[in-house]
Amino acid sequence: MTISRATGRTRNLPGAPLPTPRPALPPAPGYRAAPHAARVPPRAGDMRRYLAVGLDCYLCLVTVGLLARPYVDTAEATEAAGLLLGPAVAFSFLNHVVLTALTGAGAGKLIMGIRVVRLPDAGRPGPWSLLLRWLYGLCWLPLQPWYGLRSLLSGPGVLPRTSLWNGGNGELHADPLGLRQVRHSDLTAHRTAVAATAPTHR
């Protein structure tokens, strides 16, 4: 490496070793990243989500049982099935669509401290997205025994899930409509960080 007399700048001669780059300095105290650097809250843990599903099923069974109890003894088999299936579907719709649109989560998720957000901005999902997700869930759940049997017969390497639920890119927990279940505490911390880094307009 030599210094040019005309310009005063350094230049590298052929075969000369390059200068060693300086290590990056740590951020100064009080430095805050830009708003776009804030990450979306991570997905809630499997056990927390499973417990939320279990609570939803328990609340659904209790509600259906209380509504159908006065009519089960006098109803025929087909009528009894309708008495059980109708309130179950209605409870599922109110829980996963209406209540989630109003509060950000269904009953079981509220108890377990989970909220449903849309990606990538972690905002509250709209009713249309929740409705489509609920309809997809009604079609997805009855097919799980078939996918499980196919996976068992085909051997290892075959997932007992549809390709749509995998998100088309091999991600097992990708939501078909771009939603995510996150912990309420993580969502609160995320929104606080975004609000702190957002520019103030005067």
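The model is predicted, so local features need pLDDT of at least 70 and side-chain atom pairs count only at pLDDT 80 or more, while totals for chains, interfaces and linings use all residues. Residues are numbered from 1 along each chain as its sequence is written, and side-chain values use heavy atoms, without hydrogens and water.

**Helices α2 and α4**

- Two packed helices are described by the angle between their axes and the distance between the axes.
- The axes of α2 (residues 77-103) and α4 (residues 127-140) come within 9 Å and cross at roughly 150 degrees; helices are DSSP runs (H or I) of at least four residues, strands (E) of at least two, numbered from the N terminus.
- That angle makes α2 roughly antiparallel to α4 (over 145 degrees; under 35 would be roughly parallel, 65 to 115 roughly perpendicular and the rest oblique).
- The crossing of the two helices is right-handed.
- Contact (heavy atoms within 4.5 Å) involves Val 89, Ser 92, Phe 93, His 96, Val 97, Thr 100 and Ala 101 on the α2 side, and Pro 127, Leu 130, Leu 131 and Trp 134 on the α4 side.

**Thr 100**

- Thr 100 lies in helix α2 and is buried, with a relative accessible area of 4% (buried is under 20%, exposed over 50%, partly exposed in between, with a 1.4 Å probe and protein chains only).
- Its side chain reaches the backbone oxygen of Asn 95 at 3.1 Å and the backbone nitrogen of Gly 106 at 3.4 Å.
- Leaving aside neighbours within four places in sequence, Thr 100 is in contact with Asn 95, Ala 105, Gly 106, Val 116 and Leu 130.

**Val 117**

- Val 117 is in strand β3 (residues 114-118) and is buried, with a relative accessible area of 1%.
- The C-alpha atoms of Val 117 and Gly 104 are separated by 7.4 Å, and the two residues are 13 residues apart along the chain.
- Not counting residues up to four places away in sequence, Val 117 touches Ala 122, Gly 123, Pro 125, Gly 178, Leu 179, Arg 180, Val 182 and Leu 187.

**The loop between β3 and α4**

- Most residues other than glycine have a negative phi, and most peptide bonds are trans.
- Pro 120 is in the loop between β3 and α4, and the peptide bond from Leu 119 to Pro 120 is cis, with omega near 5 degrees.
- Ala 122 lies in the loop between β3 and α4 and has a positive phi of about 60 degrees although it is not a glycine.
- Ala 122 is buried, with a relative accessible area of 2%.

Technical notes:
Axes are lines fitted to C-alpha atoms, for helices over the stretch in contact, and angles run from 0 to 180 degrees between N-to-C directions. A crossing is left-handed if the near helix is turned anticlockwise from the far one by less than a right angle, and right-handed if clockwise. A polar contact is a pair of N or O atoms within 3.5 Å; within protein, one must be able to donate a hydrogen and the other to accept it, and residues adjacent in sequence count only if both atoms are side-chain atoms.
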